[in-house]
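Me: Could you take a close look at one part of this model for me, the way its helices pack? I would like the geometry and the residues behind it.

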Amino acid sequence: MAERDTVAWSESEVADLVAKVGALKQSMARVIIGQEQVVDLLVTCLLAGGHALVEGVPGLGKTLLVKSLAQATDMQFRRVQFTPDLMPSDIVGTEILEEDQATRQRSFRFQPGPVFTQVLLADEINRAPPKTQSALLEAMQERAVTFAGQTHALPRPFFVLATQNPIEQAGTYPLPEAQLDRFLLRIDVVYPSEDEEVTMVAMTTQSSLQDAEPAMDVNTLLRLQQLVRDIAIGEHLVRYATRLVRATRPQETTVAAVKKHVGWGAGPRAGQALVLAAKARALMAGRLAVTREDIGAMLLPVLAHRVLRNFEAEADGVAMADILQAIRAEIRVD
C-alpha cells in the first residue's frame, strides 16, 4: 500500500489556522446566544469534514445556527424544507428538455438541484418519507450525484447539516440506519437558560438582526480540514477508539449494560468518525496530538445515533449516555 504524502506544517501556519477557528466561533457567537457546546460540536464536525444531525424541538434556533455557520465561513448556502410530498428530484435535480433555436434540435440538460452547494441545510429532514431522505445518501458519502447514468461532482467543501424534530412529534419518520451512519455527529440542542432566553428575545425583536461576519474563506477551511487529518494519534489510542466501538455490539461485548440494553451496535464507520472527531477537537484546543479525553468527549455525539437501544432499555428508562458511560468505565487504554 502506498503511503500518504506528509504535508509540512510550519508553526506559524498552524497558529494562524487555530486562530481562524477561534475567530469563527466568535463570529457565530454574535448571532447565537449561548449554546457554546452546540457550536463547538458543529465546528468540530465541519473541521473533520463530516455531516451533522442537529436535533431539538422547534424554535431553538437550529436553522439560524446552520445559516450563521455558512455566513462565518463565507460558503454558498442553500436550504431545503423537507415535507411529506418532497420528491428526490427536488433535492438532487432533474433533466429538462431544451430546443436549439437555430437547429430546432431537442436535447435534455441536467438542471442541478439545491444539493449543489457548499452548505446544505436539510431542515426537518425526518418530515419526509425514507425514499426522499435516501436521495441524500450518495451526495453525503461520495460528494457526487448520479443522474441518468452521469455522475456530477458536488462543490468542495460539501457540508450537510440536517435538523430533525424528536421522533415523538406528529408527522415525523425515523431516518434509515444507513443514512444515520453517514452523519459524523449527532448534536442535541436543548432549551436555553432564562438569561440566555431573555437576551435572545430582546435581540430578535429589534428592527434589524445581525448576521455572522465571515471569519475565514473556503481555502482556509480546506486547509484546516487537511490539518485535522494530520493531527497525531498514537496507535494505542486508535485501538482504544476501536475497542469502544466494538464494545457497543451485543454479540461480542463484555459490557453487561450493552448485552442487556442494546439491540444493534455501531459499525466500523463509527471508529473512523470517533478518531476524526477527536482529532478536530484536539486542533480546536490548539493541540497537535489526540488525547484519551478527546476520544471520550466525542463518544456520545459520535455513537448516540449509531447504537440502537432495545425495548428493555426504553422500558427501564436507560439512556444512551448511561450505556456509553458503562462502556467507558470498562474499556481501558493499553
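This is a predicted model: local features need pLDDT of at least 70, side-chain atom pairs count only at pLDDT 80 or more; totals for chains, interfaces and linings use all residues.

Reply: Happy to! Residues are numbered from 1 along each chain as its sequence is written, and side-chain values use heavy atoms, leaving out hydrogens and water.

Let's start with α1 and helix α2 (residues 36–48), which pack at an angle of about 135° with their axes 11 Å apart (axes are lines fitted to C-alpha atoms over the stretch in contact, and angles run from 0 to 180 degrees between N-to-C directions). The two helices, α1 and α2, are therefore oblique to each other. On the α1 side the contact (heavy atoms within 4.5 Å) uses Val-21, Leu-24, Lys-25 and Met-28, and α2 brings Val-39, Asp-40, Leu-42, Val-43, Leu-46 and Leu-47. By class, the contact of α1 with α2 has eight nonpolar residues, two charged and no polar.

Now for the other partner: helix α1 (residues 11–29) packs with helix α3 (residues 62–73) at about 135°, their axes 9 Å apart. That makes α1 oblique to α3. Here α1 contributes Leu-24, Ser-27 and Met-28, while Leu-65, Ser-68, Leu-69, Ala-72 and Thr-73 come from α3. The contact of α1 with α3 divides into five nonpolar residues, three polar and no charged (Ala, Val, Leu, Ile, Met, Phe, Trp, Tyr, Cys and Pro count as nonpolar, Asp, Glu, Lys and Arg as charged, and the others, Gly among them, as polar).

Definitions and conventions. Helices (H or I, at least four residues) and strands (E, at least two) are DSSP runs, numbered from the N terminus. Angles under 35 degrees count as roughly parallel, over 145 as roughly antiparallel, 65 to 115 as roughly perpendicular and the rest as oblique.
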